[in-house]
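Please open the model in your viewer and keep the sequence panel beside it. The tour below moves from one selection to the next and says what is to be found at each stop.

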Amino acid sequence: MADIWIKVITPAESYDLLTLDELKLILNIPASDTSEDEQLKQWIEHYSDIVATMCNRVFAKETVEETWRGDTMPFDSPRLFLTHYPVADDDIKAVESPRGSSIDPAAYEIENRSGKMRIEGAWSEPVTVTYTGGYDLPDEAPPALKQATGLLIQGARAQRTAAAVSGIKSITHRESRVQFMDPNAALNKTGGALGEAAETVNALLYKYMRFYV
């Protein structure tokens, strides 16, 4: 497994995977209803981070300096898998091996979508790549990431609503009585607020997960 050191040169302005308006649309909340805005904003920040953690990567566009070292010399593969992707060709600022010794841009190529870089010719560790990669969030976040984040927040909101009324079973006034359905029992039948959504979330995120090898 490669030893990767990452220095963030320019951090992202936002790490949120969806906007407040997008979340309201997912939750069927009118745009004019601002009663939950602060809670929703907090959930967007919170669950965007959870999705990034589940996928083992940073989705937001940042400028970084990555230094790669292999287990043994020489490298057994002429490829590097950059941690912040997608990466445009013009976003590669420098490739050095070792630091201070630049590799000719004609000697390497980048697979933009996956961030996979292949270097031809002789080179040795450490390799330092300075580049800008990732999505300009929240606008450029893929729909699958937006949907997964929205589903997680939808589950959290459902749990909050259930907890708020879980102690109320009925209200009696004189001869009248109103019986309430137990929302917790309904949630338990579906495996909890996220019961049915869990598999969908995992399926949406799988293609965006980063696996270190």
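**First stop: helix H2**

Select Lys41 and Glu38, which both lie in helix H2, 3 residues apart, about one turn of the helix; helices here are DSSP runs of H or I with at least four residues, strands are runs of E with at least two, and both are numbered from the N terminus. Lys41 forms a salt bridge with Glu38, with the closest N and O atoms 3.7 Å apart, where a salt bridge is a side-chain nitrogen of Lys or Arg within 4 Å of a carboxyl oxygen of Asp or Glu. Lys41 is partly exposed, with a relative accessible area of 42%, whereas Glu38 is exposed at 60%; buried means under 20% relative accessible area, exposed over 50%, and partly exposed in between, with a 1.4 Å probe and protein chains only.

Before going further, note that this is a predicted model, in which local features need pLDDT of at least 70 and side-chain atom pairs count only at pLDDT 80 or more, while totals for chains, interfaces and linings use all residues. Residues are numbered from 1 along each chain as its sequence is written, and side-chain values use heavy atoms, with hydrogens and water left out.

Stay on helix H2, which covers residues 37-55, and select Ser48. Is Ser48 buried or exposed? Ser48 is buried, with a relative accessible area of 1%. A polar atom of the Ser48 side chain lies 2.6 Å from the backbone oxygen of Ile44. If neighbours within four places in sequence are set aside, the residues in contact with Ser48 are Tyr15, Asp16, Leu17, Trp43 and Thr149, contact meaning heavy atoms within 4.5 Å.

**Second stop: strand E2 and its partners**

Now colour strand E2, of which 7 of the 8 residues are buried, so that E2 is largely enclosed by the rest of the structure. Strand E1 (residues 3-10) pairs with E2 in the antiparallel sense over 7 bridges, two strands being paired if DSSP finds at least two bridges between them.

Glu65 counts as buried at 18% relative accessibility, whereas Arg99 is partly exposed at 49%.

Next, move to Thr132, which lies in strand E7 (residues 127-133) and counts as buried at 11% relative accessibility. Which residues are in contact with Thr132, leaving aside its neighbours within four places in sequence? They are Lys61, Glu62, Thr63, Val87, Asp91 and Lys93. With the side chain of Thr63, the side chain of Thr132 makes a polar contact of 2.7 Å; a polar contact is a pair of N or O atoms within 3.5 Å, and within protein one must be able to donate a hydrogen and the other to accept it, residues adjacent in sequence counting only if both atoms are side-chain atoms.

Select Arg57 together with Tyr85, and Arg57 will be seen over the face of Tyr85, at 3.7 Å from the ring centre. Then select Arg69 and Trp5, where the charged end of Arg69 sits over the Trp5 ring, 5.8 Å from its centre. The criterion is that NZ of Lys or CZ of Arg is within 6 Å of the ring centre and within 35 degrees of the ring normal.

**Last stop: the whole chain**

Finally, show the complete chain, which has 5 helices and 9 strands. Read along the sequence, the pattern is β-α-α-β-β-β-β-β-β-α-β-β-α-α. Buried residues make up 39% of the 213 residues in the protein chain. Of the contacts in the protein chain with a separation of 6 or more, 78% are between residues 24 or more positions apart.
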